[in-house]
Amino acid sequence: MAVLCSNCAGKLIFNPASQKLECANCGAGFRPEDVRDNGIDVSSKYYDTRVYTCGHCGAEIITSDTESSTFCVYCGNPAIVFSRVSREYRPDGIIPFKITKLQALDKIRSRFENNPIVPKEIAGSFKPENMRGIYVPYWVINADYQEADWISGTVKRGKHSETRYYSRAGEVKFKNVPIDGSRILNDDVSLRLEPFYLEDSKEFDEDYLNGFYSNTSDMDFMDLRESASERCHKLFADEVVKSIPKNVNSVKIRDSIYWADIQDDPIYMMFPVWFLTFKYNGKPYTILVNGQTGKVTGTLPWLQKKIWGIAIATFILVIAFIIASFFIIRGGAPEIITFVWTCGAAALLCTSTICFSVGFRGLRRILKNLRLSQSEAIFNFVKRRQS
Amino acid sequence: MIERLNANVFAMSLMAIAFLIFTGISFALLITYKILKKYSDIGDSSCDIKEYSGRGIQYNRMIDDAITNEKYFLFADYGVDPYAEKKHNIPEVLLKNAEKDKHQFENRGQDSL
């Protein structure tokens, strides 16, 4: 399975920077399509891989034989053992890594530099050896889709607000939607890695896997249809909300019904993703980088004391400001004081309600993203989904 | 009279304190969220419908200020899978995965016996 250098018989590794297979011994470079793969039947539906199993989370990590696995790319646990040689289905296409390991690491580091709330000790974890390139299986689908939504919103009528309802139904023809084909990677995580641009895709050649890990699709057609429906629903729901008149507030989809039909011949692809795994305070974290575009996604741990300090300081400052303004206004004529206080209190109450709603929902989302980055939670989620 | 007045003052004070606390918490929540969003939560964005559909949504129904009954008509009209009868050519990988799952399920069942 290994491709060897025609000059010195050294192992060839794919270099994303040059888009060539490079020999670690003599430095010679070859285009993957020019390398003759001895003993490989390119017309075969299968290709050979080595499978490692993580004793901690049960994940299976697949490598080419030029890469030996030392720790689990998903949960960061070193309890990983060689399991077997496996014949896997040959994907239809692949988007080769464009971003090198160091470039990916630099992109993560740039988010860390001058970051006042992230603990400094995690900087030590941003090392190339903690970084793994993995080809994640995706299904690229075309789908006919139909959805009906019952939506509510509030409209101001003088001093009062009234709830109104909106009915929407429509169809969409989706084209080239990527659906994460692995149960092990949470759909919410893979969604954040998008977009992947299919213009860069190549016909699958296992030479592109040299130096990287890969995973194979473990879903069946029902899983794919379910994931596709959820993905299309999210795209549809985000758009349908925009069709509600601008003067309507608190727009919420109350009820939905949706159906997706995947067109025949979905394309089985491998997309490139860099995984950085590290531990902080005993909890594992995973930061992902799109291996094609360089988009970084993940939630970094933060200094709890600092965040609590900021929250408490804001709380005290806001209260001090309101009390101070009370004493300042108190000196005026009584009718002016009453007017200013009534208007001020009403405006402040409205602003506070909006701040509360935005802040609460935002924090809930960030905590959810944090749980996704703490990959043990991903695995609990995956196990629940599998069961 | 004085007792009633005192009760009113007490109630007003309580309301003022509750208002102060609510305002303080609201602003603290917003500021904390904004800071975490900026510095901790990286790349929380995803694509919109235009990325995957040139024509976007073709609306069949678009009713504003709908009456409650409309909900039942809406779901009655769209509640059946329009693609249910369609046959598919399912890729071999997906068929094999389904078989693998079936075997695992059967083995688990036998183990538990």
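How many bridges join strand 1 of chain A to strand 2 of chain A? In this predicted model, local features need pLDDT of at least 70 and side-chain atom pairs count only at pLDDT 80 or more, whereas totals for chains, interfaces and linings use all residues. Residues are numbered from 1 along each chain as its sequence is written, and chains are lettered from A and ligands numbered from 1 in the order in which they are written.

Four bridges link strand 1 of chain A to strand 2 (residues 20–23) of chain A, and the two run antiparallel; strands here are DSSP runs of E of at least two residues, helices are runs of H or I of at least four, and both are numbered from the N terminus. Two strands are taken to pair if DSSP finds at least two bridges between them. Within this pairing, Leu12(A) has Cys23(A) of strand 2 as its bridge partner. The strands belong to an open, antiparallel sheet of three strands in chain A, ordered 1-2-3. Strand 1 (12–15) and strand 3 (29–30) of chain A each have a single partner strand and stand at the edges, so one side of each is left without a neighbour in the sheet.

The contact between the chains, counted where C-beta atoms placed from the backbone lie within 7 Å, takes 74 residues from chain A and 61 residues from chain B. Helix 1 of chain B gives the most to the side of chain B that touches chain A, with 17 residues. Strand 9 (residues 160–180) of chain A pairs with strand 2 of chain B in the antiparallel sense over five bridges, and Glu171(A) has Gln58(B), in strand 2 of chain B, as its bridge partner.

Conventions. Two residues are in contact if their C-beta atoms, placed from the backbone, lie within 7 Å.
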